[in-house]
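Q: I am new to this structure. Could you walk me through its features, one at a time?

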Amino acid sequence: MAARVGLSHALLASSSLARNPPPRARLLPYPTLLPLPTYRRSVSASASALPSLRRRRPFAARAMSQPPEAAGSPYAAELAAAKKAVALAARLCQTVQQELVQSDVQSKADKTPVTVADYGSQILVSLVLNMEVTSGSFSMVAEEDSEDLRKEGAEEILEHITDLVNETLAEDGSFNISLSQEGILSAIDSGKSEGGPSGRHWVLDPIDGTKGFVRGGQYAIALALLDEGKVVLGVLGCPNLPLTSICNLNGNSSGDQTGVLFSATIGCGAEVQSLDGSPPQKISVCSIDNPVNASFFESYEGAHNMRDVTGSIAEKLGVQAPPVRIDSQAKYGALARGDGAIYLRFPHKGYKEKIWDHAAGSIVVTEAGGIVTDASGKDLDFSKGRCLDDLDTGIVATNKQLMPSLLKAVQEAIKEKNQAPSPL
Ligand SMILES: Nc1ncnc2c1ncn2[C@@H]1O[C@H](COP(=O)(O)O)[C@@H](O)[C@H]1OP(=O)(O)O
Ligand SMILES: [Mg+2]
């Protein structure tokens, strides 16, 4: 039987909680002990629209508790906790996505499964970080908040989220607890921080690439830590990314095992391991120095990226290979391990980039030896709150050899676009 708890940051002081194993706790038990509920709700979209997903071994949050490679780093405990949190969230997302793909009861327009997984992922990450990292106060900048779940009519979905989270916790077995509905709502709202230039802030996208998630394609759970305005740690869980290179596959699985966890700590390099807990291995960006031999990543969704601009940049560089289009920050991970050479992101005018869409991915790439900048070659600034405020037009990432010619091509392509007559 698990302890039923509410997550309350106002109450995260010195209480103890029956748990197995007993890490340091910042949770307060609710008085009632309840048996864990079972979550077997059918969530679905049009199955025919989605590629089939095989049943896989659940991802092992427990296995992520091994001593981290960055053991000497001041962020070693945070890295271990972040990996564990992301692996557990990935497990929940995988459960929801498999049910989504397997059932054909609901229409694709029903956003419920995505919502359930977004919230569920954010709750689990918040919970694990609070359980495992006890130093300092807790601040998290995350995509979701509980406003909609507190509205009349949301009782059923809140119950489903609660069941799903508690079932995931019970299956994993690392924490012998279950959350009450109030605990669920508080855990979501622990992501309301505004971030900023001072102190430490976790940065979370609970499901990056929701469109890919619904399609049965790529998505990522992206978690980073900011310290004094700089990204110092990043973990990217990519449940559908093959463990081997996706070169020339256009993001599709080669039939190999999928489920990849990328991680990086400042000054300690970047690593990859399987989401079910294989030992981490160092990764580095590719060493291609002639753009003719390079390939480039961009969004799967045309609406997220100005393909006329990325096509023009590729042409100017002399890139021969067709674009590799995949959803989410899985692109940063794939770039960091050398699956491709360049990442181009040029959202349509008016789109404001959020810090959770780039914090984890960018440190994975830079610690793998790459460079990530805006279109003018400036470093990304994560210290300005929830958005990347001073961003110049787009974001590019590549290795050190290709960056100068890439930035030159970017400037030329943008200039040409701005000079082109308006279609109106
Ligand atoms: N109109 C848009 N333009 C660019 N990016 C968008 C837009 N709408 C949502 N996004 C976000 O872009 C990211 C997906 O990037 P990509 O296109 O590279 O796969 C996601 O973070 C997604 O949000 P979300 O996290 O809610 O899915
Ligand atoms: Mg996102």
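Q: Which residues does the UniProt annotation "binding site" cover?
A: First, some ground rules. This is a predicted model, where local features need pLDDT of at least 70 and side-chain atom pairs count only at pLDDT 80 or more, while totals for chains, interfaces and linings use all residues. Residues are numbered from 1 along each chain as its sequence is written, and chains are lettered from A and ligands numbered from 1 in the order in which they are written. UniProt positions follow the numbering used here, feature names are shortened, and annotations may be inferred rather than shown by experiment. According to the unreviewed UniProt entry, the site covers E143, D205, I207, D208 and D357. These residues are spread over 215 residues of sequence, yet they cluster in space, with a largest C-alpha distance of 9.8 Å.

Q: Where is D205 placed?
A: Strands (E, at least two residues) are DSSP runs, numbered from the N terminus. D205 sits in strand β5, residues 200–208. I207 is in strand β5 too.

Q: Why does D205 count as buried?
A: Count C-beta atoms, placed from the backbone: 20 or more others within 10 Å make a residue buried, 12 or fewer make it exposed, and in between it is partly exposed. D205 has 32 C-beta neighbours inside 10 Å, so it is buried. I207 has 29, so I207 is buried as well.

Q: Which residues does I207 touch, not counting residues up to four places away in sequence?
A: Contact is when C-beta atoms, placed from the backbone, lie within 7 Å. Leaving out residues up to four places away in sequence, I207 touches C93, A117, D118, S121, F213, Y219 and I221. On the same terms, D205 touches E143, A222, W356 and D357.

Q: Which residues come nearest to ligand 1?
A: A residue is near a molecule if its C-beta atom, placed from the backbone, lies within 6 Å of it. Of the 14 residues around ligand 1, the nearest are T210, S299, H304, D327 and P347.

Q: In what sense do strands β6 and β7 pair?
A: Pairing requires at least two bridges found by DSSP. β6 (residues 220–227) and β7 are antiparallel, with 7 bridges. D227 stands opposite K230 in β7. The two strands form a hairpin with 2 residues between them, and E228 in the turn has a positive phi of about 50°.

Q: Why is β7 largely enclosed by the rest of the structure?
A: In β7 (residues 230–242), 12 of the 13 residues are buried, so the strand is largely enclosed.

Technical notes:
Helix = DSSP H or I, 4+ residues; strand = E, 2+ residues; numbered from the N terminus. Contact = placed C-beta atoms within 7 Å.
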